[in-house]
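User: I have a structure open and want to go through some of its contacts. Can you take my questions as they come?

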Amino acid sequence: MFNTLAEYLRSKIDVSDAQLLEIEKLCTPKFAKRGDVLLKVNEVCESAFFVAKGCLRSFVLDKKNKPHIVQFAPENWWITDRISLMTKEPAMFYIEAIEDTEYIMVPEHFFDRLPSIVPGAERLTRELLLDIFRSIRKRLISLLSATGEDRYLDFIQSYPSLALRIPQKMIASYLGITPESLSRIRKTISAPALGHH
């Protein structure tokens with residue numbers, strides 16, 4: 001399972017086999033069954049999760065216990081509550097497996113330790129933080145101003161492997177629309193458009 005993370009790291013930074021062995025010591029391979037909750041609201045988040053196979057999601061519940069999905073994390077994605085991880089404040093959302101998932105759990109100091117193992121790895125940490133801020137900004141603008149159709153097309157672009165893999169109601173929750181609206185949107189978008197992404 002670590003091989004998936006090793007390949008991911010090789011694609012991002014210049015890392016040797018010896019350095020990967022050091023990194024592997026910080027990693028704990030884990031398996032979650034569909035429906036397993038890895039983090040609950042109000043717990044302190046102590047790990048980040050890298051998905052090797054399967055899919056995790058982060059979500060919040062409203063007062064009626066209706067879930068609103070913040071992020072999906074399919075293969076080669078990271079997911080965590082970074083604020084809770086860094087500040088020890090209570091987590092603001094849940095993280096749950098929506099498929100049987102193989103993932104690697106890394107401790108909170110993983111990204112601090114990485115540059116001492118691999119000189120130059122600070123860039124990766126900066127890129128990851130930048131990616132988080134970029135996706136939050138993009139998502140906020142999308143929820144405030146984009147049509148449901150635009151949001152769905154953007155979803156397909158962000159998560160090309162998930163459109164036909166996860167339940168429609170979860171995609172609708174992520175997009176902030178009803179499953180019925182999503183169904184209509186899917187019908188209006190032609191099959192070639194789906195194939196294109």
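User: What does the side chain of Arg-57 make a polar contact with?
Analyst: With the side chain of Glu-96, at 2.6 Å. Bear in mind that this is a predicted model.

User: Where is Arg-57 found, and is it buried or exposed?
Analyst: Arg-57 is in strand S4, residues 56-61. Its relative accessible area is 8%, so it counts as buried.

User: Which residues does it touch, leaving out those up to four places away in sequence?
Analyst: Among them are Pro-67, Ile-69, Phe-72, Tyr-94 and Met-170. Glu-96, the polar partner, is also one of the residues touched.

User: Which ring does Arg-57 lie over?
Analyst: Arg-57 lies over the face of Phe-59, 4.1 Å from the ring centre. Arg-139 is placed over the face of Tyr-174, at 3.8 Å from that ring's centre.

User: On to rings. How many aromatic pairs are there?
Analyst: The count is 16 aromatic pairs. In one of them, Tyr-8 and Trp-78, the ring centres are 6.3 Å apart and the planes stand at 70°, so the pair is edge-to-face. Tyr-8 belongs to helix H1 and Trp-78 to strand S6, so this pair ties together parts 70 residues apart in sequence.

User: Are those two buried or exposed?
Analyst: Tyr-8 is buried at 10% relative accessible area, and Trp-78 is buried at 13%.

User: And how do the rings of Tyr-159 and Tyr-174 sit?
Analyst: Their centres are 5.7 Å apart with planes at 85°, so that pair is edge-to-face. Tyr-159 lies in the loop between helices H6 and H7, and Tyr-174 lies in H7, so the pair ties together parts 15 residues apart in sequence. Tyr-159 is buried at 4%, and Tyr-174 is buried at 11%.

User: Which residues do ring pairs link into a cluster with them?
Analyst: Phe-72, Trp-77, Tyr-152 and Phe-155 are in the cluster along with Tyr-159 and Tyr-174.

User: Switching to the sheet. What order do the strands take?
Analyst: The 4 strands form an open sheet in the order S1-S8-S3-S6, with antiparallel pairing. S1 (28-32) and S6 (78-79) are at the edges with a single partner strand each, so one side of each has no neighbour in the sheet.

User: How many bridges join S3 to S8?
Analyst: 6 bridges, between residues 47-53 of S3 and residues 101-107 of S8. Phe-49, for instance, has Met-105 in S8 as its bridge partner.

User: Which strands does helix H1 lie across?
Analyst: H1, residues 2-12, lies across S3, S6 and S8, and runs at about 100° to S3.

Methods
Residues numbered from 1 in each chain as written. Predicted model: local features only at pLDDT ≥ 70, side-chain atom pairs only at ≥ 80, totals over all residues. Heavy atoms only, no water. Pairing = 2+ DSSP bridges. Helix = DSSP H or I, 4+ residues; strand = E, 2+ residues; numbered from the N terminus. Contact = heavy atoms within 4.5 Å. Axes fitted to C-alpha atoms, helices over the stretch in contact; angles between N-to-C directions. Buried < 20%, exposed > 50% of the residue type's maximum accessible area, 1.4 Å probe, protein only. Polar contact = N/O pair within 3.5 Å; in protein donor to acceptor, adjacent residues only side chain to side chain. Phe/Tyr/Trp six-rings, centres within 6.5 Å; stacked < 30°, edge-to-face > 60°. Lys NZ or Arg CZ within 6 Å of the ring centre and 35° of its normal.
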